[in-house]
Amino acid sequence: MELQDVIIIGGGPAGLNAAVVLGRCRRKVLLFDTGQQRNRRSHGMHNYLTRDDILPGDFIALAHGEIKKYGVPVKKQAVQSVARKDDGIFEVKDNTDTVYLAKKILVATGLADTLPELEGIRELYGHSVFHCPYCDGWEVRDQRLGIYARNKNGFELALSLTTWSRSVTYFTDGRNKLKPEQLRVLQQYGIPVINTRIRKLEGEDRQLKNILLRNEERIACDALFFVNGYTQQCGLVKDLGCTMSKKNVVITNRLQQTNVPGVYVAGDAARDMHFVVVAAAEGAKAAVVINKELQKEEKLQITTQNKVSQQA
């Protein structure tokens, strides 16, 4: 069984950029990707210099061409388990029960947004329903914007949206988590708070038109932003024993290292700044650190072998 220098789990921007860097370092790298990137439903990527408006699928295709150039193979299986053995080598098993070995593990599986349980939302998600105004606010500027915040406090997001439009409506869907002072501030900003439960989202051709309330009232809305939390795309980081924050992201140091020796995490899974460009940068940073660690281990191994040879 061939020992890999690095196994990368997750083929989003963090994992792909790490694969490019490590491939250029002539490392034996294996990348696992199930194609479940967080932004796969998006109408276009933004805030990435030279790649504005590119479709996520097109971005991934370009990246696959680059990692292929450096000889990095892609496995489209899901990783089922990862275990660190006593000798420090990691044993990775995919969903076909095939086992792989690696010196280092980079987890770049990202996060999955928790969609509100609203009728009609899945057809609109990524086209007129969003979670990040920095990613999609420009495209809906000066339109009628809504914020959905039933399970979370959406005060900060509501104020943020006023940067892109003066027409913002706050929907609590019957569960108001705003504090009295926050309600007063929203009133000062001219942001109405609707506490009536929502029946469904009405739209056409992926474009939101109205929020239909349970009292049959319709409120015109061109785009809806939601704050509803997120989860890790997979449970591998918890299985490995990585320390998690209160926001359910992996705690790493500035070098993307976790508390588990040999395990690195890059991208949304370890940060609150959820930009593609940031994830890609973290993947590159993790790759450089991994390569340097491998170099140290190789140097130590050669030094030890020389000492044994001299003693013999």
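Student: Which residues of α1 are buried?

Tutor: This is a predicted model. In α1, the buried residues are P13, A14, G15, L16, A18, A19, V20, V21, L22 and G23. That is ten of the twelve, so the helix is largely enclosed by the rest of the structure.

Student: What do the buried residues of α1 pack against?

Tutor: They pack against strands β1 (3-9), β2 (29-32) and β6 (99-107), and against helices α2 (56-69) and α8 (276-311).

Student: What span should helix α1 have, at 1.5 Å a residue?

Tutor: Residues 13-24 should span 16 Å. The end C-alpha atoms lie 17 Å apart, which agrees. After α1 comes R26, with a positive phi near 65°.

Student: Now the core. Which members of the largest nonpolar core touch the most other members?

Tutor: General idea first. Nonpolar side chains tend to be buried together in soluble globular proteins. Here, the largest nonpolar core has 29 residues, and I8, L22, L106 and I290 touch the most other members. At least two residues of this core come from each of β1, α1, β2, α2 and α8. Another core, of 21 residues, lies apart from it; I7, V263, V265 and A269 are among its members.

Student: What is I8 in contact with, beyond four places in sequence?

Tutor: I8 contacts G15, A18, A19, L22, V29, L30, L31, F32 and L106.

Student: In what order do the five strands of the open sheet run?

Tutor: Strands of a sheet pair through backbone hydrogen bonds, parallel or antiparallel. Here the order is β8-β15-β9-β10-β11, with parallel pairing. β8 (129-130) and β11 (193-194) are the edge strands, each pairing on one side only.

Student: How many bridges join β8 and β15?

Tutor: Two, in the parallel sense. F130 has F225 of β15 as its bridge partner.

Notes. Residues are numbered from 1 along each chain as its sequence is written. This is a predicted model: local features need pLDDT of at least 70, side-chain atom pairs count only at pLDDT 80 or more; totals for chains, interfaces and linings use all residues. Side-chain values use heavy atoms; hydrogens and water are left out. Helices (H or I, at least four residues) and strands (E, at least two) are DSSP runs, numbered from the N terminus. The expected span of a helix is 1.5 Å times one less than its number of residues. Buried means under 20% relative accessible area, exposed over 50%, partly exposed in between (1.4 Å probe, protein chains only). Contact means heavy atoms within 4.5 Å. A nonpolar core is a set of buried Ala, Val, Leu, Ile, Met, Phe, Trp, Tyr and Cys residues joined through side-chain atoms within 4.5 Å. Two strands pair if DSSP finds at least two bridges between them.
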